[in-house]
Amino acid sequence: MAPQSIWRRAQDELGITTLLESQRDVHLLLLTRSIRMFAYGSSTLILAIYFAALGHSDTKIGLFMTLTLVGDVAISLLLTLVADKLGRRKILVAGGLLMALSGVVFASFSNYWILLAAAVVGVISPSGNEIGPFRAVEESTLAHLTDAKTRSDVFAFYVVVGTLGAAAGSLTCGWLTQALISAGWAEVSAYRVIFWVYAIAGLTKAGITLLLSAACEAPKPVAENADQGEEQQAFLPTQTTTPTTPPPKKSSSLLAQISPSSRLILLKLCALFFFDSLASGMVPNSLIAFYMERKFALPQGKLGTVIAIAGIMSSIGNIFASAIAKRIGLVRTMVFTHLPSAVLLALVPLPPSVIVTVVILVARASLASMDQAPRSAFLSAVVLPTERTAVMGIVNTVKTMSQSSGPLLTGSLAQSGNFWIAFVVAGTLKAGYDVGMLTMFVSMKLEGDKSKGGEVEGEQHEMGEASQGHEARLPFDDLSSDEDLDDRESPAAIMKSRA
């Protein structure tokens, strides 16, 4: 095989071809994601240390992170509800401005309650992960800017640029603060420089968002006619409409925007995500950095390097997530990469050596986020295109709600000298989540594993599954695009032809 052919195949497998051929809006969304995660990574490294330097107790640090996440739930849910109506670009711009506001307040004030108010009303990530309405809106936008065959590739790079951005932020923050402190700056003053950088990143993100085109906005409702097959007939075979029947009045409720068959699968996913996110909330990157600094007295530069290396390894793992998903399916990829990382998380407090601990953290990071791109693709595949923003908004809200109690638990454990217990409990919860995902969803026909019958075989088989809601949805790899669904015989079309 010629080297050029090998390189071309590698590009296709890793999704590089998809990325290069994607439209300008996709590239801009990936850029704003990387800038945002750079800001999150930089602030997260020193967030808990900054509060400790201000004289706040471990319990108050945990309480701050919990209340910040609780406030984010309300704001994110509100913005997600109105995102498609008000305009996705406007919501993303507003989020960038709120980031800038939070950065300015954190760089200017020391009062605990003022900082808490800025974090709740604005955008500050206690965990280094996504917070605010950004992810739900961006993933929904990316889902309709891409077709289903390439969607997992785009989501993989969405995760990759995020982890690389966070790694770059941690590395920059660690060495910058260490250099400033070595130059004679007060510790608190050095940390405040990072929050000025955070504010600048928020303004930059808002500015780039203004360059997005109108194609990023939610598609307008289509008139009630036979051309609605893609959104109604192919996915909802039991729903019948007539041309003369006016469409029902839409409710402003977020849940009302989701079809009954989607609600069942959403309920299962939210139940599982609750435990996974609770575990994530107990050991966010900010508290991992705090734990490493307290146990091994690592300087900020080395601490930032450790977190950055973990982020880089995470990015490398994410590059291969899409290729693996094409081979073994979305759910199997999610579980078989995430479960080992859960075990490694529980082992973090065991070694007395900093080197062994760092090895465990890096190994865990290389696997921990490989489930994100398949999970986003999975969510996009199992709901209607018009439901994606609402579903992803609800999922992110549930995850943030459950995550919010984690820092408070860890703060209480740290205050009593039992910081290590948080890692063991978190690892156990995450392992339980993985087992639940495998049990509930591994048999769904969305994995594209054609060696195991990914194609629905026969009209009778289609009709039998039609009564089971989402079981009748098309295999993931067969969803070549939203428009291509019209070219297939859906269960609804079959029933119509028999009538």
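Colleague: What share of the 499 residues of the chain counts as buried?
Modeller: 57% of them, where buried means under 20% relative accessible area, exposed over 50% and partly exposed in between, with a 1.4 Å probe and protein chains only. This is a predicted model, where local features need pLDDT of at least 70, side-chain atom pairs count only at pLDDT 80 or more, and totals for chains, interfaces and linings use all residues. Residues are numbered from 1 along each chain as its sequence is written, and side-chain values use heavy atoms, with hydrogens and water left out.

Colleague: How many helices and strands does the chain have?
Modeller: 20 helices and zero strands, taken as DSSP runs numbered from the N terminus (helices H or I, at least four residues; strands E, at least two).

Colleague: Ser22, then. Buried or exposed?
Modeller: Ser22 counts as buried because its relative accessibility is 14%. Ser22 sits in the loop between helix H2 (16-21) and helix H3 (24-53).

Colleague: Which residues is Ser22 in contact with, leaving aside its neighbours within four places in sequence?
Modeller: His27 and Val154, with contact meaning heavy atoms within 4.5 Å.

Colleague: And what does the side chain of Ser22 reach at 2.6 Å?
Modeller: The backbone oxygen of Thr18.

Colleague: Different topic. Where is Phe320 found?
Modeller: In the loop between H12 and helix H13 (321-328). Phe320 counts as partly exposed, because its relative accessibility is 40%.

Note on methods: Polar contact = N/O pair within 3.5 Å; in protein donor to acceptor, adjacent residues only side chain to side chain.
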